[in-house]
Amino acid sequence: MTDCIFCRIVAGEIPAKRILETENVVAFHDLNPAAPQHALVIPRRHIATLDAATEDDRGLLGDLMLAGAEVARMLGCAEKGYRTVMNCNEDGGQSVYHIHLHVLGGRSLSWPPG
Ligand code: AMP
């Protein structure tokens, strides 16, 4: 059994409020939402960080972005606006080492992030 929490969500071993599933990605609601709408889009295949992604992952990274846009539409925040974020490593604030695209919406988001 893997100790990666997001691999376990993909495998259905840990529950998640799923929004969207495709051949390559799964999207679900974040457990600790930082905005009224906060979803995560993850690849089914384990990649620890964006820094670990390679040329072979080019299509998969595109799938993540397009699924993020689809999720924003499904959550009803596409028209007003939303933010996609992928944190990388310690200074980027990454806490789960299986890449994930945050999709945040439902309120006006400040910039720059902290
Ligand atoms: P990051 O800090 O960028 O690595 O983001 C990790 C995100 O995963 C955080 O927003 C957490 O709230 C979220 N998270 C951690 N465990 C779970 C879980 N079991 N289900 C849903 N979201 C989770």
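Student: Why does Met86 count as partly exposed?

Tutor: Met86 has 22% relative accessibility. Buried means under 20% relative accessible area, exposed means over 50%, and partly exposed is what lies in between (1.4 Å probe, protein chains only). Because 22% falls in between, Met86 counts as partly exposed. A word on the model: it is predicted, so local features need pLDDT of at least 70 and side-chain atom pairs count only at pLDDT 80 or more, while totals for chains, interfaces and linings use all residues. Residues are numbered from 1 along each chain as its sequence is written, and side-chain values use heavy atoms, leaving out hydrogens and water.

Student: Where does Met86 lie?

Tutor: Met86 is in the loop between strand E4 (82–85) and helix H3. Helices (H or I, at least four residues) and strands (E, at least two) are DSSP runs, numbered from the N terminus.

Student: Is Ala39 buried or exposed, and how do you know?

Tutor: Ala39 has a relative accessible area of 0%, which is under the 20% limit, so Ala39 is buried. Its place is in strand E3. Ala39 and Ala72 are 33 residues apart in sequence, and their C-alpha atoms are 8.5 Å apart in space.

Student: What makes His102 buried, then?

Tutor: His102, found in strand E5, has 12% relative accessibility, and that is also under the limit, so the word buried applies.

Student: What makes the pair His102 and His38 a polar contact?

Tutor: A polar contact is a pair of N or O atoms within 3.5 Å; within protein, one must be able to donate a hydrogen and the other to accept it, and residues adjacent in sequence count only if both atoms are side-chain atoms. The side chains of His102 and His38 are joined at 2.8 Å, so the distance is within the limit.

Student: Which residues come nearest to the ligand?

Tutor: Among the 16 residues around it, they are Asp30, Asn87, Ser95, His100 and His102. Here a residue is near if one of its heavy atoms lies within 4 Å of the molecule. A polar side-chain atom of Asp30 lies 2.5 Å from a ligand oxygen, and an N or O atom in the side chain of Asn87 is 2.8 Å from a ligand oxygen. A polar backbone atom of Val96 is 3.0 Å from an oxygen of the ligand.

Student: Which elements give two or more residues to the shell around the ligand?

Tutor: They are helix H1 (5–10) and strand E2 (25–29). H1 gives the largest share, three residues.

Student: Which peptide bond is cis?

Tutor: The one from Trp111 to Pro112, with omega near 0°. Most peptide bonds are trans. Pro112 lies in the segment after strand E5 (101–105).
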